[in-house]
Amino acid sequence: MLTEFGKIFIFILVAILFTIIAIYAAKLIRPSRPTKEKLDVYECGENIEGTPWVKFNIRFYVVALIFLIFDVEVVLLFPWALTYQDYGIYGFLVGIIFLVVLGLGMAYEWRKGDLEWARPTPKKVDVKFEKKNLLQTNSQINVESEN
Amino acid sequence: MGFLQFIWDGIWAVLSLGNFALIKILLIANIILITVSYLVYFERKISAWTQNRIGPNRVGWRGALQPFADVFKLLLKEDIVPEKANKPLHTLAPFIALFVAFSTYAVLPIGPAIQIGEETVNLVVADINMGILYVLALTSIGVYAITFAGYSSGSKYSLLGGIRSSAQMISYEVSMGFSIAGVVMMAESLSPIKIVESQSGLLWNALIQPIGFITFVVAAFAETNRLPFDLPEAEPELVGGFHTEYSSMKFAGFFLAEYANMIIASAMIITLYLGGWQIPYIETLNLGTTVTTILQISAFMVKMGALLFFFIWVRWSIPRFRYDQLMSLGWKVMFPLSLLNVVYVAVIIMLFNV
C-alpha cells in the first residue's frame, strides 16, 4: 500500500527523470563546435573587463537578514493559525500580542531606514570654485601658448 | 484466456496501486507539459492581439504547431557553457528550476473526489495534510535555481540579475506566507482539499478577505518573475538577467519553469482564494453526481484559464517597476497589509464565529 508521501516521492522521481531527459536527450543530436569566442561570457561584444564577480550593494545582504527574521516568524505563526478557532479569546489575545511585537520590530526597521533602498544622491558641486579653477587653467594655457 | 486475465490483473494491480496513483501522476505530468507548451503559444498570440499584430501563424493552423517547432529548434541548438562559468552549478541551476516547477503540482487538487468501483479517488496526486507547506517549501527552493544561475555564469549581467531576483523573491515570500496564514485560520487545515471544501457556497476567501487576496496575487506575480516584477530579466538593463549565459535546452528549462510556475501560481490562487473546483450552490440543482463532477472540473479549468489570461494581460499592459519602488512596495505596502489581514481575519472569526 502506497502512502500519500510515497506518491509524492514517485512524483518527484518522475519530475527528476523528466528534467534529466529533457535537458540531456538533445545531447545526441545537437552540434558541439566550441571556439574561444563562443566560450567567452557576453559583454556586449567587447573584450571582458575585470572579474565577473563585481561588488554589489550591501543592501541585498540587509534584505536577506530581514527576510530571515520575518520568515521564521511566519513559521511560528502557522501552528497558531491552524488551531486558532479552538482557543477562543485566549488564542486571539496571544496572536495579537505576537503580531504587535512583530509590527513593532517592523516599525523599528522602517524608522532606522533599513527598508530604504539606496538611491544615488547627486553630488553637490561648488560652482564658484570650479569656475575659478577653470579660469586659472585657461589663463595658464594662454600664458603657456604665448611663451 | 486465463493467462491474459492474469496479465490484466497484474496491470490493473499496478495501475490501481494506492488509489490509481501512477495514472494520476502520469496524467498530471502530461497536463502540465501540454499546458506549458501551449501557454507559450497563447502568450504570443495574446501579446500580438494586445499590440495589434498577427503573431505566430506559419506552423500549422494559425500557428498552432508553433510550440513543437520551438522545441525542435532549441533541441538542435548548440549548448554553450562559458569558460569562466562554475560548471557544476551552471548545469545544476536549470535542473533545480524545472524540477521545482514540475514537482510542486503534486498537492494541488483539480476536482472533487470521484468513485471508481469501490474506491474513492481524490483528483490530486497526493492528499497530504500539510500540502500548503509543501508548496511553500518547494517554491523557496526555486530561489536557489536563480541564485546559482546568476552566480555561476561568470557574467556581470547574470550576477546582478540573480542577486536582484533572489532579493525580490525572498521579499515577497514573507507577505505570501502571511497571506496564507489568513486562509489557514479560516480553514483550520493545511490540506489543499480541506481548504477548498471550507469555501463552500459563496464563502470564497477572495470575498471574505480581499486584502489577503490582493497581497497574495501580487506576491504570486513577484514570485513567478512576471511583469510588472520581471526585474531579474529586465531586458533593456541586464540583457537577459540570470539566463544571459544559457543556451539550448538549459535556456528552455528556465523558460518552461517560468510558465510552469505561472500554472502553479494560478492553481494556488484558485485553491486558496477562489473556491477551487467549486461552483456556488450547484448542489441545489440536483444534477446527479457525474454531471456535477464534470461541471466542477470544468469550473476549475475555466478559472485557471481566466487567471492565466490575467497573468498574460497584465504582462502586456503594465510597465516595469524601478528596483527601489519594487522593494519598498514589497516591504512597506504588501508586508504591513498582509499583517493587517491576519489581524482582520482573527477579528472576523472572533465576531462571526465562521
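Colleague: What share of the residues in chain B is buried?
Modeller: Of the 354 residues in chain B, 51% are buried. Keep in mind that this is a predicted model.

Colleague: And what about chain A?
Modeller: There, 13% of the 147 residues count as buried.

Colleague: How many helices and strands are in chain B?
Modeller: Chain B has 13 helices and two strands. Its radius of gyration is 22 Å, close to the 20 Å from the globule rule for 354 residues, so chain B is as compact as a globular protein of that length.

Colleague: What box do the C-alpha atoms of chain B fill?
Modeller: Roughly 65 × 60 × 40 Å, along the principal axes.

Colleague: What part of the contacts in chain B joins residues 24 or more positions apart?
Modeller: Such pairs make up 77% of the contacts with a separation of 6 or more.

Colleague: Back to chain A. Which elements does it have?
Modeller: Five helices and zero strands. From the N terminus, the order is α-α-α-α-α.

Colleague: How far can I trust chain B?
Modeller: The average pLDDT of chain B is 84, and 96% of the residues score at least 70. Helix α9 (residues 210–223) of chain B has the highest confidence in that chain, at 90. Helix α10 (residues 235–238) of chain B has the lowest, with a mean of 69.

Colleague: Which overall scores does the model get?
Modeller: The ipTM is 0.78 and the pTM is 0.85.

Colleague: Let's turn to where the chains meet. How many residues of chain B are in contact with chain A?
Modeller: 65 residues of chain B are in contact with 57 residues of chain A. On the chain B side, the elements giving two or more residues are α2 (17–50), α4 (87–103), α6 (156–187), α11 (248–273) and α13 (323–352).

Colleague: Which of them gives the most?
Modeller: α6(B), with 15 residues. By class, the side of chain B that touches chain A has 41 nonpolar, eleven polar and 13 charged residues.

Colleague: α11(B) was on that list. Is it mostly covered or mostly open?
Modeller: Mostly covered: 25 of the 26 residues of α11(B) are buried. From first C-alpha to last, α11(B) reaches 38 Å, close to the 38 Å expected at 1.5 Å a residue. After α11(B) comes Gly275(B), with a positive phi near 75 degrees.

Colleague: How does α5(B) look?
Modeller: α5(B) is also mostly covered, with 17 of its 22 residues buried. Helix α5 (residues 131–152) of chain B should span 32 Å at 1.5 Å a residue, and its end C-alpha atoms are 32 Å apart, so the two agree. Just after α5(B), Gly154(B) takes a positive phi of about 75 degrees.

Colleague: Which residues have the most contacts inside the largest nonpolar core?
Modeller: Ala260(B) and Ile269(B), in a core of 124 residues. Leaving out residues up to four places away in sequence, Ile269(B) touches Phe216(B), Val217(B), Ala220(B), Leu274(B) and Leu307(B).

Colleague: Which way does Asn52(B) go, positive or negative?
Modeller: Asn52(B) has a positive phi of about 60 degrees, although it is not a glycine. Asn52(B) sits in the loop between α2 and α3 (66–75) of chain B. With 6 C-beta neighbours inside 10 Å, Asn52(B) counts as exposed.

Colleague: What about Ser248(B)?
Modeller: Its phi is positive too, near 55 degrees. Ser248(B) is in helix α11 of chain B. Why is Ser248(B) buried? Because it has 20 C-beta neighbours inside 10 Å.

Colleague: Now some loops. Where is Gly288(B)?
Modeller: In the loop between α11 and α12 (289–315) of chain B. Gly288(B) counts as exposed, with 8 C-beta neighbours inside 10 Å. Gly288(B) and Lys194(B) are 23 Å apart, C-alpha to C-alpha, and 94 residues apart in sequence.

Colleague: And a loop in chain A?
Modeller: Take Gly45(A), in the loop between α2 (36–39) and α3 (59–82) of chain A. Gly45(A) counts as exposed because it has 6 C-beta neighbours inside 10 Å. The C-alpha atoms of Gly45(A) and Ser32(A) are separated by 21 Å, at 13 residues apart along the chain.

How values were computed:
Residues numbered from 1 in each chain as written. Chains lettered and ligands numbered in written order. Predicted model: local features only at pLDDT ≥ 70, side-chain atom pairs only at ≥ 80, totals over all residues. Helix = DSSP H or I, 4+ residues; strand = E, 2+ residues; numbered from the N terminus. Buried ≥ 20, exposed ≤ 12 C-beta atoms within 10 Å, placed from the backbone. Expected span 1.5 Å × (residues − 1). Core = buried A, V, L, I, M, F, W, Y, C linked by C-beta atoms within 7 Å. Contact = placed C-beta atoms within 7 Å. Nonpolar A, V, L, I, M, F, W, Y, C, P; charged D, E, K, R; others polar. pLDDT = per-residue confidence, 0-100. Rg over C-alpha atoms; globule rule 2.2 N^0.38 Å.
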